[in-house]
Amino acid sequence: MTDNLVLSKCKEYLRTLCVDITERCVGSNGNRQATYFIEKELSKYDWETEMAEFEAIDWEEYGANLRSDEESFDVLVSPYSPGFRGDGELVSASTIEELSKINANNKIIFLFGEIAREQLMPKKFVFYNPEEHQKIISILENSGAKAIISATGRNSALAGGVYPFPLIEDGDFDIPSVYMTEDEGFKLKSKIGRIVFLESKSKRIPGKGYNVIGKKGNENGQKIVVTAHIDAKKNTPGAIDNATGVIVLLLLSELLKSYNGNRLIEIVALNGEDYYSVPGQMNYINTNKINFNKILLNINIDGAGYKQGLSSFSLFNLPDEILQKTQIVINQFSGITEGVQWPQGDHSIFLQFGVPAIAVSSQWFIDNIDNQDITHTPKDNIGIVDCNKIIEISQALNTLIRSL
Ligand SMILES: [Zn+2]
């Protein structure tokens, strides 16, 4: 294809994934449409495809309000929370110790300060789940509380660029919850010990999702698995996080159309990196856990193609030969540099199983991982993407894979 053709194809992919399909959160119609689209494209380039199905709920919300003594407070419904309508005495805790001491039975719990400083990991999220988080969740579940209100700030590393961030985002946690800014929380402190009325309208909708897997190459060869998560958070077009990653998969699938080398190449659109229970990732692990030793290398693309700065390849445990070949490719492409290591992505799954990995992203995002305000928000739209970078990455990966 000529440069112009690739560029217009890349833009078209971006429009399809971020504009025509209006949402890609797991369990939604848009998410399923996106996976069917990927499968169709992979088939077009002669990949043997598979749709691995799993259960995943979708969720809708219609706003919330909180009142006490004629005063009202701005609150947001926690993602995947069940709805609620009722009143109760407001009790509060700002530390785990305070939380374990209060009687919250039949009351509404207000969490602020230290206990609400970082997003609590979902119950079924196995990759990173601090004991402290599990303890808070368990006390809450045994408290008999009717509902939970939390006041939070910003927590870019765990919750992306949103402010305030939902303290709880977990479809497996059944106490209704809402969240508010720290400023609003400061006002709410005057209502501790008083009766508050909370109405939060939302519902959980049963649904399904799919990982899309494409295979090509030597059936008996060692595997190179190239992954990118196809899902996006609710209320974001998910351009950089992670339509661009999926587009790299698609452009690469075309570049590798005629591949007949020694390796088995697997292209996988994983579905759930930004969803509370990471169902696609769990499905992939459960299906492949005895076969991770057959994987030579994982290449995961997440956060690539940002208009500012260079693309980065972060290298994890690469054996000498792969390391040398990767460094040659990095030097060959002027828009790509070696990046520092970072843990928040699907490459970590492969690392846990002892598989060497390359995490492909944008250097700007790695440098600003703790304070950026773009991912998981409406700002993550097609306007911040540079398609030339996506094309360069797919060409570099094509060169690298063919050299291995
Ligand atoms: Zn991501």
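Me: How many helices and strands does the secondary structure of the protein chain come to?
Reply: Please note at the outset that this is a predicted model. The protein chain has twelve helices and 16 strands.

Me: And what is the radius of gyration of the chain?
Reply: The radius of gyration is 22 Å, close to the 22 Å that the globule rule gives for 404 residues, so the chain is as compact as a globular protein of that length. Along its principal axes, the C-alpha trace spans about 70 × 40 × 35 Å.

Me: What share of the residues counts as buried?
Reply: Of the 404 residues, 59% count as buried. The accessible surface of the chain comes to about 16700 Å², and 46% of that surface belongs to carbon and sulfur atoms.

Me: What about contacts between residues 24 or more positions apart?
Reply: Such residues account for 81% of the contacts in the chain that have a separation of 6 or more.

Me: Now charges. How many positive and negative side chains are there?
Reply: There are 39 positive and 53 negative side chains, and the centres of the two sets lie 3 Å apart.

Me: Let us turn to aromatic rings. How many aromatic pairs are there?
Reply: The count comes to 15 aromatic pairs. One of them is formed by Phe292 and Phe353: their ring centres are 4.1 Å apart and their planes are at 10 degrees, so the pair is stacked.

Me: Where do Phe292 and Phe353 lie?
Reply: Phe292 lies in the loop between α8 (279-288) and β13 (295-301), while Phe353 lies in the loop between α10 (347-352) and β16 (357-362). The pair therefore ties together parts that are 61 residues apart in sequence.

Me: Is Phe292 buried or exposed?
Reply: Phe292 is buried, as its relative accessible area is 2%. Phe353, at 34% relative accessibility, counts as partly exposed.

Me: What of Tyr306 and Trp364?
Reply: Tyr306 and Trp364 form a tilted aromatic pair, with 4.9 Å from centre to centre and 45 degrees between the planes. Tyr306 lies in the loop between β13 and β14 (311-316) and Trp364 in helix α11 (residues 363-367), so this pair ties together parts that are 58 residues apart in sequence. Tyr306 counts as buried, at 6% relative accessibility.

Me: Which residues form an aromatic cluster?
Reply: Trp59, Tyr80, Tyr275 and Tyr276 form one aromatic cluster.

Me: Going back to α8, why is α8 described as largely enclosed?
Reply: Seven of the ten residues of α8 are buried, so the rest of the structure largely encloses this helix. Among the buried residues are Pro279, Gly280, Tyr284 and Ile285.

Me: What do the buried residues of α8 pack against?
Reply: They pack against β1 (48-55), β10 (208-217), β11 (223-229), β12, β13 and α10.

Me: What about Val278?
Reply: Val278 also has a positive phi, of about 35 degrees, although it is not a glycine. Val278 is found in the loop between β12 (264-270) and α8, and counts as buried at 2% relative accessibility.

Me: Is the peptide bond from Asp241 to Asn242 cis or trans?
Reply: That bond is cis, with omega near 15 degrees. Most peptide bonds are trans. Asn242 has its place in helix α7 (residues 239-255).

Key. Residues are numbered from 1 along each chain as its sequence is written. This is a predicted model: local features need pLDDT of at least 70, side-chain atom pairs count only at pLDDT 80 or more; totals for chains, interfaces and linings use all residues. Side-chain values use heavy atoms; hydrogens and water are left out. Rings of Phe, Tyr and Trp (its six-membered ring) pair if their centres lie within 6.5 Å; planes under 30 degrees apart count as stacked, over 60 as edge-to-face and the rest as tilted. Helices (H or I, at least four residues) and strands (E, at least two) are DSSP runs, numbered from the N terminus. Buried means under 20% relative accessible area, exposed over 50%, partly exposed in between (1.4 Å probe, protein chains only). The radius of gyration is taken over C-alpha atoms; the globule rule is 2.2 Å times the number of residues to the power 0.38. Contact means heavy atoms within 4.5 Å. Accessible areas come from the Shrake-Rupley method with a 1.4 Å probe; for residues, only the protein chains shown count as cover. Lys and Arg count as positive and Asp and Glu as negative; His and the chain ends are not counted. The place of a charge is taken as NZ of Lys, CZ of Arg, CG of Asp or CD of Glu.
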